[in-house]
Amino acid sequence: MKKTIKRTFRVSKYVIYRETLVDYKEHFWSFLGAFFGIGIIAFIQSHTLSATENIFLIGSFGASSVLIYGAIQSPLAQPRNLIGGHVLSALVGVTVYKIVPDIIWLSAPLAVAFSIVLMQYTKTLHPPGGATALIAVSSTGKIPELGYWYVLSPVLSGCIILLIIALIFNNITSNRSYPNHNRFTYLLKKKHKHPHKMKKL
């Protein structure tokens, strides 16, 4: 009986380990993508916008990086979700803030709840979008002053930077392809399969 239990434990441990094991190359490309994606946004904020005190790096971009660099096959990590989720949530957050600016116990849940429903309705569900909406209503200082400019910068501009880096680093090797089910992916796979033909062209 003891042997059976020990054997079952060893097998279970091995299966769980194998299921959660990720190739070290995946870690490498995830690291590079996140490093350059967030790094470029942070660099722009610290070296270009410091004089005007503009915000270019928001916390929800960190959560987006986990998805678009670390879980690239997830439906929630696709470009439509990244950009649509953040932009729509930012619109909701700013609008709610303008309607109920000083009642945080009401504006915060309204912003997050409405952003979730809107993302669901438009098929752009992206979990960090909820944080983008929350930032719009809960931040102090520069972000409330931006109004609807918050939607364009930092939100949209930051998303575009993250997406460009994701398209580069998630497609460098033939083992990774981003986005999913897209003509862009099909062309990349074709290129990896027939590199000699591409060279001749």
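Q: What makes a pair of residues count as a contact in this predicted model?
A: Heavy atoms of the two residues must lie within 4.5 Å.

Q: Which residues does Ile68 touch, not counting residues up to four places away in sequence?
A: Ile68 has contacts with Ala77, Leu82, Leu162, Ala166, Asn170 and Tyr178. Contact means heavy atoms within 4.5 Å, so each of these residues meets that cut-off with Ile68.

Q: Why is the set that holds Ile58, Ile68 and Tyr150 called a nonpolar core?
A: A nonpolar core takes buried residues of types including Ile and Tyr, joined through side-chain atoms within 4.5 Å. The largest such core has 30 residues, and Ile58, Ile68 and Tyr150 touch the most other members. Buried means under 20% relative accessible area, so these three residues each fall below that value.

Q: Which helices each supply at least two residues of this core?
A: They are α2 (24–47), α3 (60–70), α4 (79–99), α6 (128–138), α7 (142–146) and α8 (149–169). Ten residues, the largest share, come from α8.

Q: Which residues belong to the other core, apart from this one?
A: That core has seven residues, including Val92, Val100, Ala111 and Val137.

Technical notes:
Residues numbered from 1 in each chain as written. Predicted model: local features only at pLDDT ≥ 70, side-chain atom pairs only at ≥ 80, totals over all residues. Heavy atoms only, no water. Buried < 20%, exposed > 50% of the residue type's maximum accessible area, 1.4 Å probe, protein only. Helix = DSSP H or I, 4+ residues; strand = E, 2+ residues; numbered from the N terminus.
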